[in-house]
Amino acid sequence: MLILSKREERMDRLNWDGTPEGFEQSRPELAYTDEVKAATDHLYEKVKDIITPMEWPAKAPLIHAINQLKAEKNAVILAHNYMTADIFHCVGDLMGDSLALARMAAESEADIIVQAGVHFMAETAKVLAPEKKVLIPDTRAGCSLASSITGEDVRRIKAAYPGVPVVTYVNTSADVKAECDICCTSSNAVQVVESLGAETVILLPDQYLARNVAAQTDVRILTWAGSCEVHEKFTAQDVQDLRDAHPGVLIITHPESPLEVVQAADYAGSTAAMADYARNSGAKKAVLLTECSMSDNVAVEVPEVQFIRPCNLCPHMKRITLENIYDCLRLEQHEVTVPDDVIDGARRSVQAMLDLPKPDKPASFDPARQEKPVDLVSI
């Protein structure tokens, strides 16, 4: 577990996309001019507690250029909560968790969608808006959870468990979505499972989300041995260490974390629910046990709360940078495509989720609920 201050979250970044073609494409020189300063000063006010004054002159020209390109090309940037603050607050147009981004992608009137997130999110945007050009700044931005299962795996599961509904977490490839009955996110997983009216439901692929959902419902849950490399590293001992070091701190976690972590925390919910709870808690000190950038992004909106910074860095999310967003949009490169038959199947399962009543507030997970047995599917 990393302990990061507001200004310690740094990593080496490549200025190209990992391919020879990307390396050869020279980027126009961008300067911090009076025009750029005037156009971006209001954005710096949002992130001045996260980004140092020394860094801003290097970031502002890129931010200005990206925002100009968006207007010229009728493009929008979908920014996931785990993006760094310069992306999330300064160039992102539609921000949120996976469910929010899925809905926004479907409703956007833009011609071009740039996914500031990972590949399965870009695929979901393409599935819901197949007529639009969907780009991802770095094709290597994958996901340990999404890569844990394939469409072929799901076909084998359905053959082994005929008639049992299969729910897939939205953090999966379009091929996996196309093979399942309905999608879910951490915001609505319990709602989705219970909407099927079945005694037993297979919930793929996150075993920790499945165990946390099982503790909130009477439906029997079967699952897959997938996990998020960010959230599975947190432990109940981490929670206790934080309480010892920061008496009175509010500890908020995500249901992709092990059940013991959820039970040890004060609150557990989706990324949207975590942010809402932090905003409305009235706490003076809080911890978000999740990906590193989320605390920074929530802290911008809730400056009255001191956020303790324990986190685990997602190496895939951090492949997305201002530099490769600019190159992606400027060159309209790294287009995400999905076969038509896969689009049809995946859209059906995503749309089934979107057709459910929208909850009044993001769903949470009651830490007091006791663990229930959850078996892995056998294929």
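## Basis of the model

The model is predicted: local features need pLDDT of at least 70, side-chain atom pairs count only at pLDDT 80 or more, and totals for chains, interfaces and linings use all residues. Residues are numbered from 1 along each chain as its sequence is written, and side-chain values use heavy atoms, with hydrogens and water left out.

## How H13 and H14 pack

Two packed helices are described by the angle between their axes and the distance between the axes. Helix H13 spans residues 271-280, and helix H14 spans residues 292-301. Helices (H or I, at least four residues) and strands (E, at least two) are DSSP runs, numbered from the N terminus. The axes of H13 and H14 lie 10 Å apart, at an angle of about 40°. Axes are lines fitted to C-alpha atoms, for helices over the stretch in contact, and angles run from 0 to 180 degrees between N-to-C directions.

H13 and H14 are therefore oblique to each other. Angles under 35 degrees count as roughly parallel, over 145 as roughly antiparallel, 65 to 115 as roughly perpendicular and the rest as oblique. The contact (heavy atoms within 4.5 Å) brings Thr271, Met274, Ala275, Ala278 and Arg279 of H13 to Met294, Val298 and Glu301 of H14. By class, five of these residues are nonpolar, one is polar and two are charged.

## The setting of H14

H14 is largely enclosed by the rest of the structure, because eight of its ten residues are buried. Buried means under 20% relative accessible area, exposed over 50%, partly exposed in between (1.4 Å probe, protein chains only). Among the buried residues of H14 are Cys292, Asp296 and Ala299. Met294 and Val298 are also buried, and both meet H13.

Glu291 caps the N-terminal end of H14. One of its side-chain oxygens lies 2.9 Å from the backbone nitrogen of Ser293.

## Backbone exceptions

Most residues other than glycine have a negative phi, and most peptide bonds are trans. The peptide bond from Leu204 to Pro205 is cis, with omega near -15°. Pro205 sits in the loop between strand S8 (200-204) and helix H10 (207-214).

Asn74 has a positive phi, near 50°. Its loop runs between helix H3 (56-73) and strand S2 (75-80). Asn74 counts as partly exposed, at 35% relative accessibility. Glu332 also has a positive phi, near 50°. Glu332 lies in the loop between helix H15 (322-331) and helix H16 (340-354). At 29% relative accessibility, Glu332 counts as partly exposed.

How values were computed
Ala, Val, Leu, Ile, Met, Phe, Trp, Tyr, Cys and Pro count as nonpolar, Asp, Glu, Lys and Arg as charged, and the others, Gly among them, as polar. A polar contact is a pair of N or O atoms within 3.5 Å; within protein, one must be able to donate a hydrogen and the other to accept it, and residues adjacent in sequence count only if both atoms are side-chain atoms.
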